[in-house]
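Please examine the sequence and the structure shown below. The briefing that follows is arranged by topic for a first reading.

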Amino acid sequence: MKKANWLIGCAIVLLLAWGIYYFLRPEAPAAEKEALPSKAPTFLTYEGNTISEEKDGRKIWQVTAETIEIDVDSSNLRVKNVKATFFQENGTQIVLTAPEGNMDHNSKDIALKGSVHAVTSDGATFTAQEANWQAKDGLFTATGQVKLTREDTVVTGDRLDTDGKLEKIKVQGNAHVVKGGAK
């Protein structure tokens, strides 16, 4: 009987020692997360290329650039020395040129930067520091020293909003309209 009590006592001591060790043991260091290498954007570069978009068999726009870079992941475009032509339903065209620009693949929006210059097939001209085309709404916005000349009228301002035809315009910030100013 003494031997059995001694074995039970040893088992209890071992069980207590294991329990104390279990609760007081040092925590294993958390596995350090290895920093994932940052993925640099990957671009495909084309030189002297032209891209365009058609809708219902009609060309909507065409972009020609000295350099076109396509982000492989997003399919967004960066262009250098760009010439963008927008074809209107009534047959008129707007030709824009700029030192650089971007096009969002999903929205089809186009942003031109630098000295943006445009000429319409009916003779209107316009200059600005930046120009943006919102494809979904068919809206054109220009900012920075905007100047629009149509026939004998010159419109200047900080910002110009218009439809894709340059027929209805809204000029904001230092807006001036001079009739007979183009002569």
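F86 has I94 in β4 as its bridge partner. The model is predicted: local features require pLDDT of at least 70 and side-chain atom pairs count only at pLDDT 80 or more, while totals for chains, interfaces and linings use all residues. Residues are numbered from 1 along each chain as its sequence is written, and side-chain values use heavy atoms, with hydrogens and water left out.

**Strand pairing**

- Strand β3 (residues 77-87) and strand β4 (residues 93-103) pair in the antiparallel sense over 10 bridges; strands count as paired if DSSP finds at least two bridges between them.
- These two strands, β3 and β4, form a hairpin with 5 residues between them, and G91 in the turn has a positive phi of about 95°.
- Strand β2 (residues 58-71) also runs antiparallel to β3, joined to it by 9 bridges.
- Within that pairing, V63 has A84 in β3 as its bridge partner.
- The hairpin of β2 and β3 likewise has 5 residues between the strands, and S75 in its turn has a positive phi of about 65°.

**Nonpolar core**

- The largest nonpolar core has 28 residues; such a core is a set of buried Ala, Val, Leu, Ile, Met, Phe, Trp, Tyr and Cys residues joined through side-chain atoms within 4.5 Å.
- The residues with the most contacts inside this core are F86, L96, I110, F126 and F140.
- Two or more residues each are given to this core by β2, β3, β4, β5 (110-120), β6 (125-134), β7 (139-150) and β8 (153-163).
- Leaving aside neighbours within four places in sequence, F86 is in contact (heavy atoms within 4.5 Å) with I60, W61, T92, Q93, I94, L96, I110 and W133.

**Helix and surface patch**

- L24 lies in helix α1 (residues 2-24); helices (H or I, at least four residues) and strands (E, at least two) are DSSP runs, numbered from the N terminus.
- L24 counts as exposed because its relative accessibility is 67%; exposed means over 50% relative accessible area, buried under 20% and partly exposed in between (1.4 Å probe, protein chains only).
- I8, I12, L16, I20 and L24 form a nonpolar patch on the surface, with about 530 Å² of accessible area together.

**Whole chain**

- The protein chain has 1 helix and 10 strands, in the order α-β-β-β-β-β-β-β-β-β-β along the sequence.
- Of its 183 residues, 25% count as buried.
- The protein chain exposes about 12,600 Å², of which carbon and sulfur atoms supply 55%; accessible areas come from the Shrake-Rupley method with a 1.4 Å probe, and for residues only the protein chains shown count as cover.

Note on methods
Patches are made of residues with over 30% relative accessible area and no salt bridge: like charges are joined within 9 Å, nonpolar side chains (Val, Leu, Ile, Met, Phe, Trp, Tyr) within 5 Å. A salt bridge is a side-chain nitrogen of Lys or Arg within 4 Å of a carboxyl oxygen of Asp or Glu.
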